[in-house]
Amino acid sequence: MNTKYIDLIDQTYFFPTEEFELKDGQLQFHDIDLMALVEQYGAPLKFTYLPKISNNINRAKSWFDTAFAKADYKAKYHYCYCTKSSHFKHVLDEALSNDIHIETSSAFDINIVIKLKKEGKIKKDTFVICNGFKRDQYIQNIGDLIDSGQNCIPIIDNYEELTLLTDVTSKKFNVGIRIASEEEPKFEFYTSRLGIGYKNILSFYKSQIESNDQVQLKMLHFFINTGIRDNAYYWNELHKCLKVYVSLKKICPSLDSLNIGGGFPIKNSLVFDFDYEYMITEIVAQIKQVCDEAGVNVPHIFTEFGSFTVGESGGAIYKVLYQKQQNDREKWNMINSSFITTLPDSWAINKRFIMLALNRWNEEYERVLLGGLTCDSDDYYNSEQNVNAIYLPKYHKEKPLYIGFFNTGAYQESIGGFGGIQHCLIPAPKHILIDRDESGNITTKIFKEQQTSEQMLGILGY
C-alpha cells in the first residue's frame, strides 16, 4: 500500500513544482535546504526569500509587454508596489531595485519614502501614488513631498481632500480620482467606502478641478475588493470604469492614466491555477477596444500589486512539539508557536497557505489537527485550501517533525503587530533573510532575533 507521506503528495498534486522539490527525503524551497535552515537557526522562524520579489515583478512586466505588443497598445505600463503589504526595508529595497513605483496609504508611509529618497532608492521621477482617506498628518506629508519636487499623485478619495491639499502647498500638482466601486452582491455593503461614486465623478471634476489652475487631473483609479478575477462582476465593473474614463478624457486633456489597482491572487495551494497572462492580455485588449470606439487615446496603465509582489517570498517554519489524542477521531499536533500571532490571516479571515512537512517524507502519514500555543480555542489550523483535512507524517516523540507554511510574506507581520505585544505574550519568532550572491549562491542572515521577555515587558511598562 502507498501509505507514505511522499505517496500522498504524489497522488494529490503535480509534484515537484517550480518552487518545491524533494532532496534526500527533505523539502527544498527554491533550492533552499529548509532543514539546514532549521539546523542553523532553530524553529520557530520566519523567512523572506528576496529574489522571489524581483522575479514576480519582472514576470508581471513581461506579461504587460506581451499584451501591449499583441494589442498594438501605444502607452506605457507602470508597476507600483503597494507598501501596506509589507513595509520592511529589505522588501522595499528589493522591489525598488527593479525600476518600479510605489503606492502609499497613510502618513508614515511618506516618512519611509523620504528615507528611501535620501538613500537614492526613490528618484524624483518615481511615481508615489497616495491612496486612502487623508487627514492632518497624511495631508501635510503629501504636501511636503510635492514641495520637494517628487513625482507625487494624491488620489482624491472624497470631496474635501483637494481643498485640504491645496491649503498645504502652493505648488502645482497632479491628482487622481478614485472610483467608489460597487461590490459583489454577497458583500455586506453595496459600495466601497473609498472613492467617489461613478455618477458623481464628472461633476466633481467640473466643480473642483477643471478651473483650478493649481491642479490637473492625471489619473483615474479603479479597484474592487475581490481583486482581479475572470468573472462577469469584474468585467462589468471594469467597463463601467472605462465609460467614466472616456467621458472624462473628452473634456480633460491632461487625463492620461488608468490605475487598475492590485488584486492579483497568489498561490495558496499546490493545485492553484490562475492564468495571469490571459487576464492581462484581456484587460489591455478591452481597455484599447473601449478607447478606440470612443475615439480617445489609450491611457498609461498603472497597477498596485502588493501581495503578488511580496507574498510568495515569505514562509514560516514550526516544530511539532507534542501530539494530543483528544477523542477517537481527533489528534492534535501542537506547534511551538501560535497561528493567531504569526499567521493572523489564518485566524481572522480563514485564509489558507501552502503547508508541507519539511522532513520524514518517507514515513507513514496520518490525519491531524494543528494547534497553537495560546490558551485560545481559535488558535488552530484544520484544513488545506483544496482538502478539508491536514495530513502529515505520523508523530513520533523521538523523531522531530518540522512543518512549513509558504507564501506568507504579505500582511502577516503588520496585522500580527511585529515587535509588539502578541496574544498570550507568545514571542515573535526569529526572522531570516535569504538572498543570492553574484554567483547565484544562497546566503542567509538574521533580520531579527526572537522577541525577548525584556522587550515585551518594556512595552508593557514593567
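# Talking through the model

Biologist: Glu-277 first. Buried, partly exposed or exposed?
Modeller: Glu-277 is partly exposed, because its relative accessibility is 33%, and that falls between the 20% and 50% cut-offs. Keep in mind that this is a predicted model.

Biologist: Where is Glu-277 found?
Modeller: In helix H10, which covers residues 276-294.

Biologist: Which residues gather with Glu-277 in a patch on the surface?
Modeller: Asp-230, Asp-273 and Asp-275. Together with Glu-277 they make a patch of negative charge.

Biologist: How many residues apart are they in the helix?
Modeller: Four, so Lys-288 and Asp-292 are separated by about one turn of H10. Residues three or four places apart in an α-helix point the same way, because there are 3.6 residues a turn.

Biologist: And Lys-288, buried or exposed?
Modeller: Buried, with a relative accessible area of 19%. The cut-off for buried is under 20%. Asp-292 is partly exposed, at 45%.

Biologist: What about Glu-237 and Lys-240? How are their side chains linked?
Modeller: By a salt bridge, 2.9 Å from N to O. Both residues sit in helix H9, residues 232-251. They are three residues apart, about one turn of the helix.

Biologist: Is Glu-237 buried or exposed?
Modeller: Glu-237 is buried, as its relative accessibility is 2%. Lys-240 is partly exposed, at 21%.

Biologist: How many salt bridges does the count come to?
Modeller: The count is 19. One of the pairs is Lys-399 with Glu-363, where the closest N and O atoms are 3.9 Å apart. That pair links distant parts of the chain, 36 residues apart. Lys-399 is in the loop between S19 and strand S20 (401-406), while Glu-363 is in the loop between S16 and S17.

Biologist: Lys-399: buried, partly exposed or exposed?
Modeller: Partly exposed, at 41% relative accessibility.

Biologist: Which residues are linked in a network of salt bridges?
Modeller: Lys-89, Asp-93, Glu-119 and Lys-121.

Biologist: New topic. Which are the buried residues of helix H1?
Modeller: Tyr-5, Asp-7, Leu-8 and Ile-9. H1 itself runs over residues 5-12.

Biologist: What covers the buried residues of H1?
Modeller: The cover includes three strands: S16 (354-357), S17 (365-371) and S19 (390-393).

Biologist: Back to the surface. Which residues form the nonpolar patch?
Modeller: Ile-421, Leu-425, Leu-457, Ile-459, Leu-460 and Tyr-462. Together they have about 600 Å² of accessible area. Leu-457 belongs to helix H15, residues 453-460. Leu-457 is partly exposed, with 37% relative accessibility.

Biologist: Last one, Ile-32. Where is Ile-32 found?
Modeller: In strand S3, residues 32-33. Ile-32 is buried, with 3% relative accessible area.

Biologist: Which residues does Ile-32 touch?
Modeller: Leu-27, Tyr-49, Ile-434 and Ile-442. That leaves out residues up to four places away in sequence.

Biologist: How many Å apart in space are Ile-32 and Gln-140?
Modeller: They are 45 Å apart, C-alpha to C-alpha. In sequence, 108 residues separate Ile-32 from Gln-140.

Definitions and conventions
Residues are numbered from 1 along each chain as its sequence is written. This is a predicted model: local features need pLDDT of at least 70, side-chain atom pairs count only at pLDDT 80 or more; totals for chains, interfaces and linings use all residues. Side-chain values use heavy atoms; hydrogens and water are left out. Patches are made of residues with over 30% relative accessible area and no salt bridge: like charges are joined within 9 Å, nonpolar side chains (Val, Leu, Ile, Met, Phe, Trp, Tyr) within 5 Å. Accessible areas come from the Shrake-Rupley method with a 1.4 Å probe; for residues, only the protein chains shown count as cover. A salt bridge is a side-chain nitrogen of Lys or Arg within 4 Å of a carboxyl oxygen of Asp or Glu. Lys and Arg count as positive and Asp and Glu as negative; His and the chain ends are not counted. The place of a charge is taken as NZ of Lys, CZ of Arg, CG of Asp or CD of Glu. Helices (H or I, at least four residues) and strands (E, at least two) are DSSP runs, numbered from the N terminus. Buried means under 20% relative accessible area, exposed over 50%, partly exposed in between (1.4 Å probe, protein chains only). Contact means heavy atoms within 4.5 Å.
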